[in-house]
Every structure is written in structure tokens, then in C-alpha cells.
Amino acid sequence: MTNESIKIKVTFRNNEFEVPVNNNFLNVISLHTYCKFNEKQKIAYDILGLKDGEGNQFALEMTPSFGGIHILAIADADKLKDGESYELEFEDIRDTAVERLSNAQIKMIREKFIKIDKDENGYADFGEIKDYCMEIANSSYAQMEKHWKAKIEKNPALKETVENFLDFWKKKSQHEAHIQVALLKEADVNDDGKVSFSEFLEQQAQILVIHKCAPKKQEEEETKEEEAKEEEAKEEEAKEE
């Protein structure tokens, strides 16, 4: 195990930054912040690991989201040294992200785009993007409000606590909606004030790959599963004959 908290120097694109490591983990948001990633770099670069001056590599593995924050677990983190320099290794996935998706994931992204494109003109303009994100936020808040108001009816003593929590949740939902609006606007790579499906697909694919939700083998596994079902169906038909 590493010390509870150490600081290492991380080189990213020829610039060196001091980054804290806590209990063998790197907070992705902190890493992006300390290494001054811009919004496009955050989803364009898949972070792979760290490399020291002797060529020793320390793999970084994305863990499940905790409270909306993704964490990178460091292989052999106990060998990291406080104050030492490491190069950040990453892969630019912009040209390969879409091809890593399964058919089911592409379908899911298309359905999301259709929901945003209210006027069905094939583009998601910024107004539609904002309306969609706010709709999601308001729906989330409404469900939370309904749940907790039912609790108040059963126990009125909770009223003040619940109202404070709901006020916090409403602000949180709106804040996250604004973040999503800004993120989706970044998909407009040609700066024409609207997002085409191809632009949207590329951005969403990058997000899935970055969060390790779209491994290349996923489609292969789906294909094998479909082939197995087809084979099973043929066997059943043969029995009936």
C-alpha cells in the first residue's frame, strides 16, 4: 500500500504537474484538473497508465463510478515514490471510439439523439439540448420530491430536514444539467451551432470508451451469443423434423 496520501509529478504533453495520490487511487476529475485537460481532451484521451524514468509502467484501471466520480486504481501503487516524476500514458480514441461500440450501444445513442431532436430535422440545436437536459433534471427532482414528501406524510417531524435535502437536490440536478448542456455543445466540432448525429455519436462513443463501457470484445461476445441462439434454434428445428 502507498502512504495515505503522496504527491507525484505527472508529465502530460510536455508539461509537468503535481498530482496527489490517495490510498492507491487517482480521482479522475482531480487528474484532469491538475493536468489541465480541456473539455475535449477529457473524452478524447483514454488514460492508460504512468511510466517512470526507468520505463517501469503502472497501469491505471477505471473503477465503477462512486457518487458520479470515476476513480483510477493504480497497479503496483506501493512502488510509487513521493515527489518522483512519471509520464502519463494515454491513447487518443477519437478515430476509433465508434468502431468499439456494439450495435445495441449505437441504437441506444440514436434513441437518445432522437429524443433531443424534437423538430426531427436531423440536428440537435443548442436550444433542444438545453431543453432535453433540463427535462431530465426536472424529472429526476420530481421523482425525488414525490418519494420524500410521502415520507413527510408518515412522519411530519422530517419536514424541515427533507425540505433542506430537496433544495440541495434541486440545485444539484440543475448544476449537473448545465454541465451536460456544456458537454453536448462540445460535440459541435464544426461550430455551426448545432450537433449532427455523426458528431453526437462520436462524442457519446468516446464517453463510453473512456468509462470502459465499450470494449472491442463486447460486440464479439454479442455475435457469439447470437450465433449460439441460432445454432440452438436449428437444433430444435431438426428435432421437430
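This is a short tour of a predicted model, to be followed with the structure open in a viewer.

Begin by selecting strand 6, residues 71-74, which pairs in the antiparallel sense with strand 3 (residues 25-27) over 3 bridges; within this pairing, asparagine 27 has isoleucine 71 as its bridge partner. Strand 6 also pairs with strand 5 (residues 57-62), again in the antiparallel sense and over 3 bridges, and here leucine 60 has isoleucine 74 as its bridge partner.

Next, select helix 6, residues 197-210, whose 14 residues reach 20 Å from the first C-alpha to the last. Of these 14 residues, 12 are buried, among them Phe197, Leu201 and Ile210, and the buried residues pack against elements including strand 5, helix 3 (103-116) and helix 5 (159-185). At phenylalanine 197, look for the charged end of arginine 110, which sits over the ring at 4.2 Å from its centre. Just after the helix, lysine 212 takes a positive phi of about 60 degrees.

Now turn to the aromatic residues, where the whole structure holds 11 aromatic pairs. Phenylalanine 12 and phenylalanine 90 make an edge-to-face pair, with 5.4 Å between centres and 65 degrees between planes. Because phenylalanine 12 lies in strand 1 and phenylalanine 90 in strand 7, this pair ties together parts that are 78 residues apart in sequence. Phenylalanine 12 counts as buried at 3% relative accessibility, whereas phenylalanine 90, at 28%, counts as partly exposed. Phe12, Phe37, Tyr45 and Phe90 form one aromatic cluster.

Methods. Residues are numbered from 1 along each chain as its sequence is written. This is a predicted model: local features need pLDDT of at least 70, side-chain atom pairs count only at pLDDT 80 or more; totals for chains, interfaces and linings use all residues. Side-chain values use heavy atoms; hydrogens and water are left out. Two strands pair if DSSP finds at least two bridges between them. Helices (H or I, at least four residues) and strands (E, at least two) are DSSP runs, numbered from the N terminus. The expected span of a helix is 1.5 Å times one less than its number of residues. Buried means under 20% relative accessible area, exposed over 50%, partly exposed in between (1.4 Å probe, protein chains only). Contact means heavy atoms within 4.5 Å. Rings of Phe, Tyr and Trp (its six-membered ring) pair if their centres lie within 6.5 Å; planes under 30 degrees apart count as stacked, over 60 as edge-to-face and the rest as tilted. A charge sits over a ring if NZ of Lys or CZ of Arg is within 6 Å of the ring centre and within 35 degrees of the ring normal.
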